[in-house]
Amino acid sequence: MHNTFIIISYLITSTTLKARYQKRSLAVLMHGIFYERRFIMAIYDPKSLCADEFINDEEIRETLKYAEENKNNVALIDSILQKARPRKTETGCVCSGLTHREASVLLACDIPEKIEEMYKIAEEIKLAFYGNRIVIFAPLYLSNYCVNGCLYCPYHLKNKHIPRKKLNQEEVRAEVIALQDMGHKRLAIEAGEDPKNNPIEYILDCIKTIYGVHHKNGDIRRVNVNIAATTVENYRKLKEAGIGTYILFQETYHKESYLRLHPTGPKHDYNYHTEAMDRAMEGGIDDVGLGVLFGLELYKYEFAGLIMHAEHLEAVHGVGPHTISVPRVKKADDIDPEEFDNGISDEIFAKITACIRLAVPYTGMIISTRETQAVREKLLRLGVSQVSGGSRTSVGGYAEKERPHDTEQFDVSDQRSLDEVVRWLMENDHVPSFCTACYREGRTGDRFMSLCKSGQILNCCHPNALMTLAEYLEDYASPETKKIGYEMIERELKKIPKDKVREIAARNIEQIRSSNRRDFRF
Ligand code: SF4
Ligand code: SF4
């Protein structure tokens with residue numbers, strides 16, 4: 001039986017991607033037959049399309065053992081840190097990234113000077129590939145109907161005291177207008193899994209509505225989608241609807257815990273959930289966003305699983321995750337974070353963030369308003385490149401004058417307005433960016449990565465960030481934010497290396513200030 005399994009694994013993984021997809025049906029067939037045995041004896045293979053093989057429990061345990069044995073091995077740690085550093089090339093800057101084993105050694109290391117060095121390198125990488133820009137977005141909750149039983153989420157089916165709500169298209173419009181009036185250009189839509197209340201047609205209608213709203217000078221230029229794992233056919237429909245990133249949090253990579261934390265509903269199927277990004281990519285979606293919910297399982301296990309997932313995407317599809325989110329379990333209706341005994345301190349959280357930055361240097365990192373201003377401030381220095389701002393996590397929350405709490409998915413720790421977040425970023429020398437140019441110019445997947453590596457970031461992202469910031473300042477900012485913003489734009493324009501690009505950017509910003517012309521981009 002063992003040999004048969006090895007042969008099947010080999011057949012599934014040893015050919016080109018196209019052939020691999022064809023052979024996938026064989027894997028699915030065998031999955032039923034060998035399920036019990038495979039749970040015990042799956043063999044690690046980053047190129048496999050089977051979750052038990054690319055997120056392999058035995059490999060993670062071996063990794064954690066190796067990391068524990070080497071956590072004080074200074075020579076090894078120094079060599080890993082050396083490998084992680086960004087290196088200048090003739091055309092730009094490159095970074096090797098780290099394997100899950102190397103990154104796990106750093107995460108296990110408790111030597112204070114080495115941790116400081118990790119933080120320093122994380123900041124260097126962030127500046128090399130993202131500069132001092134921070135992309136801003138907001139979540140938009142469409143529906144909290146859900147048929148799943150996730151133990152950490154207030155929308156779970158058995159929660160009978162949370163009001164259930166689903167926006168109709170008029171209400172979606174009202175939410176989008178409220179978001180545009182704040183200054184948002186990029187949204188992440190969220191909905192529970194419920195084939196009856198939230199079928200794919202409903203999600204597609206909402207996307208169409210969102211892109212169709214043009215209120216005053218506002219528009220939403222990129223809709224990222226955070227919905228349950230689905231079929232290749234549905235991912236294709238999402239791609240055709242023009243979504244940006246498809247985001248799906250793994251929650252936990254630990255299979256036994258996953259099954260316990262998701263006792264009922266379609267999400268209970270660990271393999272179907274974990275293999276979702278492969279189906280999304282098969283459906284034509286180039287940009288996918290990973291994430292785990294820290295606090296559910298031991299963080300070292302989750303970390304290794306997360307990096308292995310990134311390695312798997314790179315190995316199979318030739319492009320890693322577009323983003324990684326780092327949420328922690330938070331208080332919510334019917335949910336007490338104290339019930340999850342794997343909570344992590346702010347210090348460990350910072351170390352995880354820095355180690356992710358070192359391991360996957362080209363991947364955007366997202367921190368939401370789940371975290372306080374102080375935590376966000378620290379993580380921004382360690383590699384985070386995107387933040388949400390002015391968020392409301394209830395269904396229909398933006399159109400309400402006062403922040404509603406009845407349908408919130410989690411308590412928002414950072415409750416500042418978008419204007420306050422924008423000003424705070426600038427006061428900390430980060431350029432708030434509302435740029436969506438790559439998506440609009442078709443620079444997704446590996447084309448986006450090439451931009452990252454080409455050294456053209458300062459000639460492309462930087463002017464785009466400044467032009468979109470000027471739009472924000474002109475249309476939505478308070479007088480104080482506007483003043484700080486234009487001072488920053490004047491300083492930052494000087495950093496654009498190419499004279500021609502600098503002149504065009506300055507001219508466009510002048511037009512934004514003196515007219516209603518918008519949406520300039522490189
Ligand atoms: S985490 Fe998602 S799938 Fe689970 S109960 Fe909440 S909304 Fe539903
Ligand atoms: S140009 Fe592309 S990579 Fe650069 S900030 Fe804009 S969207 Fe991001």
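**Setting up**

I am working with a predicted model, where local features need pLDDT of at least 70, side-chain atom pairs count only at pLDDT 80 or more, and totals for chains, interfaces and linings use all residues. Residues are numbered from 1 along each chain as its sequence is written, while chains are lettered from A and ligands numbered from 1 in the order in which they are written.

My helices (H or I, at least four residues) and strands (E, at least two) are DSSP runs, numbered from the N terminus.

I started with β3, residues 133-143, and looked up its burial. I call a residue buried if 20 or more other C-beta atoms lie within 10 Å of its own, exposed if 12 or fewer, and partly exposed in between, with C-beta atoms placed from the backbone. By that count, 11 of the 11 residues of β3 are buried.

Which strands does β3 pair with? I take two strands as paired if DSSP finds at least two bridges between them. Strand β11 (residues 431-433) runs parallel to β3, with 3 bridges, and Val-135 has Ser-433 as its bridge partner there. Strand β10 (residues 386-388) is also parallel to β3 and joined by 3 bridges; here Phe-137 stands opposite Ser-388. With strand β4 (residues 186-191), β3 pairs in the parallel sense over 5 bridges, and Pro-139 finds its bridge partner in Ala-188. From β3 the chain passes through helix α8 (residues 169-182) to reach β4, a right-handed β-α-β crossover. Right-handed here says that, with the strands pointing away from the viewer, the path from the first strand over the helix to the second runs clockwise.

**Entry: on to β5**

I followed the chain onward from β4. β5 has 4 of its 5 residues buried.

**Entry: two helices**

I checked helix lengths against the expected span, 1.5 Å times one less than the number of residues. The 19 residues of α14 (residues 299-317) should span 27 Å at 1.5 Å a residue, and the end C-alpha atoms are 27 Å apart, so the two values agree. Since 14 of its 19 residues are buried, α14 is largely enclosed by the rest of the structure.

Helix α15 (residues 346-359) has 14 residues and reaches 20 Å from its first C-alpha to its last, close to the 20 Å expected. With 11 of its 14 residues buried, α15 is largely enclosed by the rest of the structure. Lys-351 and Arg-357 are among those buried residues.

**Entry: the two ligand shells**

For each shell I kept residues whose C-beta atom, placed from the backbone, lies within 6 Å of the molecule. Around ligand 1 I found Cys-146, Asn-148, Cys-150, Cys-153, Tyr-155, His-156, Gly-192, Glu-193, Ala-228 and Lys-267. I sorted them with Ala, Val, Leu, Ile, Met, Phe, Trp, Tyr, Cys and Pro as nonpolar, Asp, Glu, Lys and Arg as charged, and the others, Gly among them, as polar. That gives 5 nonpolar, 3 polar and 2 charged for ligand 1.

Around ligand 2 the list includes Ser-433, Cys-435, Cys-438, Cys-460 and Cys-461. Two or more residues come from each of α18 (437-440) and α20 (457-475), and α20 gives the most, with 4 residues. By class, this shell has 7 nonpolar, 3 polar and no charged residues.

**Entry: loop residues**

Most residues other than glycine have a negative phi. Lys-216 lies in the loop between α9 (200-212) and β5 (222-226), and counts as exposed because it has 11 C-beta neighbours inside 10 Å. Asp-334 also has a positive phi, about 75°; it is in the loop between β8 (323-325) and α15, and its 14 neighbours make it partly exposed.

Last, I looked at Lys-71, in the loop between α4 (57-70) and α5 (74-84). Lys-71 and Leu-106 are 35 residues apart in sequence and 7.1 Å apart in space, C-alpha to C-alpha.
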